[in-house]
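Please look over the sequence and the structure below before reading on. The report then goes from the whole chain to single residues.

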Amino acid sequence: MSNDGANTIPLLTPHKMGRFDLSHRVVLAPLTRQRSYGNVPQPHAILYYQQRTTKGGLLISEATGVSDTAQGYKDTPGIWTKEQVEAWKPIVDGVHAKGGIFFCQIWHVGRVSNSNGIIPTNVSYSDEAFQPNGQAPVSSTDKPVNSVHVAKFTPPRRLETDEIPLVINDFRVAARNAIEAGFDGVEIHGAHGYLIGQFLKDKVNDRTDKYGGCLENRCRFALEIVEAVVDEIGADKVGIRLSPFANYSGAADSNPQALALYMAHALNKFGILYCHVVEPRTVKLGEKFETAYSLGPMRDAFKGTLIVAGSYNREDGNNAISSAYADLIAYGRLFLSNPDLPRRFQVDASLNKYNCETFYIPDPVIGYTDYPFLSSDI
Ligand SMILES: Cc1cc2nc3c(=O)[nH]c(=O)nc-3n(C[C@H](O)[C@H](O)[C@H](O)COP(=O)(O)O)c2cc1C
């Protein structure tokens with residue numbers, strides 16, 4: 001895709017992110033697709049990611065588990081075993097062959113998991129057991145997820161203070177493995193109410209040790225992970241995703257603005273490459289709320305590249321870039337259903353509609369690599 005010319009739209013202007021020369025600002029958002037059978041990335045992901053690669057474009061992988069306790073959904077990939085690392089290599093190579101820049105999103109789901117598949121209903125969830133030896137999921141708390149789908153989640157076990165460095169080390173090793181697999185860097189998944197969010201947010205974190213209570217203590221776990229990952233692979237390869245305003249799986253905060261600003265300032269000390277923040281309007285996936293909040297204060301505070309995400313289209317993406325509200329825009333559902341999204345934005349083409357029904361099915365083609373490209377480009 002060429003974006004030469006003075007008349008190019010703001011989304012298709014270049015951006016220098018550390019040592020990466022991005023040719024445009026349309027980022028593939030991390031998208032869990034549940035097609036990594038047995039937690040091992042599969043060859044069909046080569047085509048999927050390649051389809052969404054442009055020369056100089058940034059892609060963020062689907063959330064990828066850091067350990068065998070990190071899983072909460074069927075067939076999501078991991079990066080803690082040699083087999084998983086090897087399986088990622090041809091996928092990363094495929095992106096690099098087309099000139100893309102590829103970051104691996106690393107996560108731990110914490111309490112958003114099920115231990116044993118034993119559900120107190122007449123519905124069989126026999127394949128929804130994700131914890132080794134049927135042990136309880138770990139979290140900042142022992143409070144279960146308060147959800148209408150509560151039966152899906154096993155009450156968690158609160159991590160002991162002296163176990164926390166072990167989990168931090170899992171992120172460190174996962175980051176090392178991601179670099180070994182060829183990724184250009186990692187994105188630490190601190191968003192959407194998973195383990196890091198369970199520490200950050202005061203509606204979940206009820207600890208009384210140095211990882212709970214005041215804002216500084218609640219952010220300690222996230223920042224110690226950042227520190228460990230930076231120490232392992234270098235700040236120029238590290239980003240983090242946050243959703244201070246979101247409320248997934250009960251992970252809400254009573255003062256999200258303060259949380260957002262504290263994290264932005266604290267992250268500056270590590271000089272990480274980027275901070276990727278979910279818009280306040282995206283309180284729950286797929287729903288767009290009116291809100292008076294904005295990421296403007298975070299933008300002003302954070303010194304690295306700011307990526308924003310959440311219900312962006314072509315027009316408001318362009319506006320966000322031209323007003324310097326953000327450096328890059330991550331597109332989720334639109335990029336999922338339009339593999340050539342930057343090109344479509346360039347020529348202002350109509351967009352394929354996404355089909356929610358096929359987001360998470362295990363099929364290696366349907367709803368995955370069969371969304372059409374612009375016919376003029378085939
Ligand atoms: C199918 C699907 C899977 C997702 N998986 C992840 C994920 O693995 N990690 C993550 O941080 N966000 C995930 N998200 C959230 C998206 O990255 C994005 O923030 C969200 O879809 C809002 O952006 P959009 O309005 O452009 O779709 C997922 C969203 C969808 C629709």
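This is a predicted model: local features need pLDDT of at least 70, side-chain atom pairs count only at pLDDT 80 or more; totals for chains, interfaces and linings use all residues.

Residues are numbered from 1 along each chain as its sequence is written, and side-chain values use heavy atoms, with hydrogens and water left out.

**The whole chain**

The protein chain has 10 helices and 13 strands (DSSP runs numbered from the N terminus: helices are H or I with at least four residues, strands are E with at least two). Its radius of gyration is 20 Å, close to the 21 Å from the globule rule for 378 residues, so the chain is as compact as a globular protein of that length. That radius is taken over C-alpha atoms, and the rule is 2.2 Å times the number of residues to the power 0.38. The C-alpha trace spans about 55 × 45 × 40 Å along its principal axes. Of the 378 residues, 58% are buried (buried means under 20% relative accessible area, exposed over 50%, partly exposed in between, with a 1.4 Å probe and protein chains only).

**Two packed helices**

Two packed helices are described by the angle between their axes and the distance between the axes. Helix α3 (residues 164-181) packs against helix α5 (residues 215-233) at an angle of about 35°, and their axes are 9 Å apart. Here axes are lines fitted to C-alpha atoms, for helices over the stretch in contact, and angles run from 0 to 180 degrees between N-to-C directions. Residues of α3 that meet α5 include Ile164, Phe171 and Ile179, and those on the α5 side include Phe221, Ala228 and Ile233 (contact means heavy atoms within 4.5 Å).

Most residues other than glycine have a negative phi. Aspartate 75 has a positive phi near 55°, and serine 249 has a positive phi of about 50°. Aspartate 75 is in the loop between β5 (64-65) and α2 (82-97), and serine 249 is in the loop between β10 (238-242) and α6 (256-268).

Glutamine 198 belongs to helix α4 (residues 195-200).

| Residue | Relative accessibility | Class |
|---|---|---|
| Glutamine 198 | 0% | buried |
| Aspartate 75 | 12% | buried |
| Serine 249 | 21% | partly exposed |
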